[in-house]
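Take a look at the protein and its ligand below. This report goes through the ligand site, the sheets and a pair of helices.

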Amino acid sequence: MAMLERNKIVELQAIATQFADHVVHHQLDLTIYQGERVALVGGSGTGKSVLLSEIALLREPDAGEIMLFGQPVTQLSGQGLAGLRKQIGMMFQQGALFSSLTVLENIILPLQEHQRLSQSLLEELAMLKLRLTGLPEQAAHLYPQSLSGGMLKRAAVARALALDPALLLLDEPTAGLDPAGASAFDDMLLELHASLNLTLILVTHDLDSIWRVTDQVAFLGDQRVLAKQPIEMMVKDEHPVIKAYFANNRAKRAAIKLESTA
Ligand SMILES: Nc1ncnc2c1ncn2[C@@H]1O[C@H](COP(=O)(O)OP(=O)(O)OP(=O)(O)O)[C@@H](O)[C@H]1O
């Protein structure tokens, strides 16, 4: 059957990342297509968070090319780069909201930087983002430190969505949430993905999230992406590094799910 050519949102070509003599990525390739929901998975220290920062244009790799929305990043500067940055929303591991600002002010901040809008319009737009993440309106005027862990993460997502990005990056979004909170967060991500036409990339160790939210898993190991495929295939992969990662109790849970969905 003929397949329609899908847009490449992220294309990493021969990426190298190194800290002093510690090589984190070497000849790393990865392609992510429009609308995909991709988990970046791999052992601790395999460079998942660093790779996410590179895709978010917060850090430059030492070699290789990053293509975002079909544009080679190394050939862009100034306005070109700023235009790309606006299309990327990033949710950091600890939320990274400003503690001296209310939730609403935190969401307004990126809007203020990029758009000349009246205060009332800014507030209206920010409230829209807040509602999209399922936060109650009262949360708008609270300070980050008075929010629960789950609310804080939603507020961080609302801020990441401020500029209507096409690509949303999330670093361990469900870490620290209880199972019910994590599952509600996963549902919110799926709703956002469906309603906003987003491409999602999340770094996660949470197998429940991987099964529920993602349609592709990119496995980092041996300094590169060893495989990119759906979780159903990943848990059956015979590569020794991938096998070792999933060969623990949590992975057995994943395998049980696999049997129950077969
Ligand atoms: N700024 C830095 N300076 C030096 N080394 C760094 C820096 N940032 C990351 N590293 C190293 O790069 C490697 C990859 O880090 P990274 O945080 O991306 O791993 P990870 O796969 O996300 O791990 P985890 O699952 O434990 O969060 C680690 O060995 C880390 O110590």
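## Reading the labels

Helices and strands here are DSSP runs, numbered from the N terminus; a helix needs at least four residues and a strand at least two. The model is predicted.

## Confidence

How well does the protein score on average? Its average pLDDT is 90. Of the residues, 92% score at least 70. For the complex, the predictor reports an ipTM of 0.97 and a pTM of 0.91.

## Around the ligand

Which residues surround the ligand? Among them are Gly-42, Ser-44, Gly-45, Thr-46, Gly-47, Lys-48, Ser-49 and Val-50. Phe-19, Val-24 and Val-203 also belong to the shell.

Helix H1, residues 48–55, supplies the largest share of this shell, with 3 residues. By type, the shell holds 6 polar residues, 4 nonpolar ones and 1 charged one.

Which strands stand at the edges?

Now zoom in on one pair. Strand S3 covers residues 37–42, and strand S8 covers residues 199–203. They pair in the parallel sense over 4 bridges. Arg-37 stands opposite Leu-200 in S8.

## The four-stranded sheet

A further open sheet has 4 strands in the order S2-S1-S4-S5. Its pairing is antiparallel. Strand S2 (22–33) and strand S5 (71–72) are the edge strands, and each pairs on one side only.

Strand S1 (residues 8–19) and strand S4 (residues 63–68) run antiparallel, joined by 5 bridges. Val-10 has Leu-68 in S4 as its bridge partner. Helix H1 packs on this sheet and touches S1, S2 and S4. The direction of H1 makes about 125° with that of S1. H1 is also the helix that gives the ligand shell its largest share.

## Two packed helices

Helix H3 spans residues 103–114, and helix H4 spans residues 119–132. At what angle do they pack? The angle is about 115°, and the axes are 9 Å apart. The crossing of H3 past H4 is right-handed.

Where do they meet? On the H3 side, the contact uses Val-103, Leu-104, Ile-107, Ile-108, Leu-111 and Gln-112. On the H4 side, the partners are Leu-122, Glu-123, Leu-125, Ala-126, Lys-129 and Leu-130. This contact divides into 9 nonpolar residues, 1 polar residue and 2 charged residues.

How values were computed. Residues numbered from 1 in each chain as written. Predicted model: local features only at pLDDT ≥ 70, side-chain atom pairs only at ≥ 80, totals over all residues. Near = placed C-beta within 6 Å. Nonpolar A, V, L, I, M, F, W, Y, C, P; charged D, E, K, R; others polar. pLDDT = per-residue confidence, 0-100. Pairing = 2+ DSSP bridges. Axes fitted to C-alpha atoms, helices over the stretch in contact; angles between N-to-C directions. Left-handed = near helix turned anticlockwise from the far one by under 90°. Contact = placed C-beta atoms within 7 Å.
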